[in-house]
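These are my notebook entries on a structure I went through entry by entry. The sequence and model come first, and my notes follow.

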Amino acid sequence: MADALAALRSLMSSHSPPLHALLVPSEDYHQSEYVSARDKRRDFVSGFTGSAGLALITMNEALLWTDGRYFLQAAQQLSEQWKLMRMGEDPAVAIWMADNIPKDAAIGVDPWCISVDTAQKWERAFAKKQQKLVQTTKNLVDEVWKNQPPAETNPVIVHPLEFAGRTVADKLKKLREKLAKEKSRAMIITALDEVAWLYNVRGTDVSYSPVVHAFAIVTLDSAFFYVDKRKLSSEANSYMKENGILVRDYGEVSSDAVLLASDQLTASSSDKTPTGFSRNTESNDRKATGNGAIPAAEFVNDLIWVDPCACCFALYSKLNADKVLLKQSPLALEKALKNPVEMEGLKKAHIRDGAAVVQYLAWLDKQMQEIYGASGYFAEAESLSKNKLKDTKRLTEVSASDKLEEFRASKENFRGLSFPTISSVGSNAAIIHYSPEAETCAELDPDKIYLCDSGAQYLDGTTDITRTVHFGKPTPHEKACYTAVLKGHISLGDARFPNGTNGYALDILARTPLWKYGLDYRHGTGHGIGSYLNVHEGPHQISFRPSAQNVPLQVSMTVTDEPGYYEDGKFGIRLENVLIVKEGNTKFNFGDKGYLTFEHITWAPYQKKLIDVSLLAPEEIQWLNDYHSKCSDILAPYLNQSEAEWLKKATEPVPA
């Protein structure tokens, strides 16, 4: 990494104009949260492997900004050459540059790797000191990354209607109606999960996210799919043709954006001419083609819609700024509102997933007792001996999580994990997004808390669940903290609230029991979850961040409920279920707004040994017992006799 910094600084000096600083974002060309190996440029230069962060390299310094989930991890992974900048505590990158980089400085960035929104914010901030954001024509990190992995060429997979629940024609028709309403003639779609959702395709280009590296452009009469054509089988090509989707090479989205800006991007059955797609005759140009085309008369203005938070600055820069509608993609909300088929699939996937988690906990309980002499999941005592069986292979954070994946892999429709499993013991559990490595991870310890945050991708749904357990004797303080987290988890998951309420307003429900003791956590409380798509899905969220005010919760959205508490160097606690927003049956209906509530679809027990029942209110005990009763009933058919007996014991009622 030292060599990489030196090589980058050399390129910065020789750049025209010479660069005083270089920004290296975490994102790929699609502003993705999780990126493929080839796109992990920030990881390569900094050594920090978390999913969120921004690197800044000057001629003398190297700084990395990241959020509260990653403070501990970044502190451990960054070398002495790097300075950690804690978001929310240290000056933001634009402020730091204004104070530490000379006036008139040139600050370089690959415009494909930043969003329109971010680029415009930086441009405004830099302008105050006459500093300039410079779009590099090549990614400088790619220039110095000698062993950069090749681009993925995995096949495009058609996602069957039995799982998708809606046809491509239906989705395109709805999108075009929104375009016409917003006086737009086209939309550039860059978010990978939106492209996958719109065209009902999936892929394996990004680990844990079943997406394809692709762009889409949808006009009032045409639909384009920009992808490496080697990824398309004859079946996939036929599917695209049947749905009126024109397949173009991935790199051609750049030149086609230029054509789109001058209204020269049109479709015909013939091949592309040197000047772009040949123009259709007027009679054919706006004719409905079976994929939901909208007649020209229905639109007046000439806008091109791009999502400022998802579209890269490179594509935006090819458009006429005064003819661009910068507004959140309409697909984000549509995708978040699950259709009945997706809803049913998610529920079924979570049942199978819950069975895998219970199988894992029962297995782990037995292993901890046999190998380490632990009292186990139910009993409460110090371990007898950490070296009970000297010749037995020890359990590590990685070997344990591998076993969990094994249980999941045996389930119907399993397609892989939905994110790297956070299998963490003791002080590692205090690292919010801890990612264990086989060579360096910790051995399990019966006398320390174990936190496991995991999820899977199934053809019919995506899952995300966290449970925290102790196989020895938890301290009164650990119990009190666990119970406070559980109280917040119950409070949010059992909430009733009027239509129009956003996640910013609800976030406090999960934190109040912790605030009572002066405790808190540095991450959001809930995120949407995809239907065999990204495990983190917007546009809604439950969080203290102001962005959580943007979109109210609505019926048929999914959202997680995951408060936590972390003591640096000691332990971490998190409890997480996936919820579905549904109509709430309230006695009254003040203001005729209609009220909403949540339905839990995650099934796995909470460890009663970690609960200080004296801190629970009677209604919380009732909620816990009701949940456990359902848990046992729902999962028992998927378990063998010993697993079912373990679950029965784990879900026995807590006395009030």
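In which loop is Gln130 found? I located Gln130 in the loop between α5 (116–127) and β6 (132–135).

**Entry 1. Confidence.** I note at the outset that this is a predicted model. I read a mean pLDDT of 93 for the protein, with 93% of its residues at 70 or more. I then looked up residues 269–289, where pLDDT stays under 50. The model has 39 contacts beyond four places in sequence for residues 269–289. Where pLDDT is low, the predicted coordinates should not be read in detail.

Entry 2. I returned to Gln130 and found its phi near 55°, a positive value in a residue other than glycine. Gln130 counts as partly exposed, at 43% relative accessibility. I also looked up Gln31, which is not a glycine and yet has a positive phi of about 60°. Gln31 lies in the loop between β1 and α2 (41–46). Its relative accessible area is 16%, so Gln31 is buried.

**Entry 3. Cis peptide bonds.** I checked the bond from Ser16 to Pro17 and found it cis, with omega near 0°. Pro17 has its place in the loop between α1 (2–14) and β1 (21–25). I recorded another cis peptide bond between Gly538 and Pro539, where omega is about 10°. Pro539 is placed in strand β23, residues 537–542.

**Entry 4. Cysteines.** A disulfide requires the two sulfur atoms to be within 2.5 Å. Cys309 counts as exposed because its relative accessibility is 52%. Cys631 is likewise in no disulfide; the nearest cysteine sulfur belongs to Cys452 and is 16 Å away. At 0% relative accessibility, Cys631 counts as buried.

**Entry 5. Nonpolar cores.** I looked up the largest nonpolar core, which has 81 residues. Tyr360, Leu364, Tyr450, Phe598 and Leu635 touch the most other members. Helix α15 (residues 340–372) gives the most to this core, with 13 residues. I listed the contacts of Tyr360, leaving aside neighbours within four places in sequence: Ala400, Ser401, Lys403, Leu404, Phe407, Tyr450 and Cys452. A second, separate core has 46 residues, among them Ile107, Val109, Trp112 and Leu259. In soluble globular proteins, nonpolar side chains tend to be buried together.

**Entry 6. Helix α15.** I found that α15 has 33 residues and reaches 47 Å from its first C-alpha to its last, close to the 48 Å expected at 1.5 Å a residue. Of those 33 residues, 25 are buried, so α15 is largely enclosed by the rest of the structure. At the start of α15, a side-chain oxygen of Asn339 comes to within 3.0 Å of the backbone nitrogen of Val341. Gly373 follows α15 and has a positive phi, near 70°.

**Entry 7. Ser423.** I placed Ser423 in strand β16. Is Ser423 buried or exposed? I found 0% relative accessibility, so Ser423 counts as buried. The side chain of Ser423 makes a polar contact of 2.7 Å with the side chain of Tyr450. Tyr450 is also one of the residues that touch the most other members of the largest core. Leaving aside its neighbours within four places in sequence, Ser423 is in contact with residues including Glu397, Ser401, Tyr434, Pro436 and Leu451. The C-alpha atoms of Ser423 and Ala400 are separated by 7.7 Å, while the two residues are 23 residues apart along the chain.

**Entry 8. Ser418.** Where does Ser418 lie? I found Ser418 in the loop between β15 (414–417) and β16 (422–425). Ser418 counts as buried because its relative accessibility is 1%. A polar atom of the side chain of Ser418 lies 3.2 Å from the backbone nitrogen of Ala456. Leaving aside its neighbours within four places in sequence, I recorded contacts of Ser418 with Tyr208, Gly455, Ala456, Gln457, Thr462, Thr463 and Val535.

How values were computed:
Residues are numbered from 1 along each chain as its sequence is written. This is a predicted model: local features need pLDDT of at least 70, side-chain atom pairs count only at pLDDT 80 or more; totals for chains, interfaces and linings use all residues. Side-chain values use heavy atoms; hydrogens and water are left out. Buried means under 20% relative accessible area, exposed over 50%, partly exposed in between (1.4 Å probe, protein chains only). Helices (H or I, at least four residues) and strands (E, at least two) are DSSP runs, numbered from the N terminus. A polar contact is a pair of N or O atoms within 3.5 Å; within protein, one must be able to donate a hydrogen and the other to accept it, and residues adjacent in sequence count only if both atoms are side-chain atoms. Contact means heavy atoms within 4.5 Å. pLDDT is the predictor's confidence in each residue, from 0 to 100. A nonpolar core is a set of buried Ala, Val, Leu, Ile, Met, Phe, Trp, Tyr and Cys residues joined through side-chain atoms within 4.5 Å. The expected span of a helix is 1.5 Å times one less than its number of residues.
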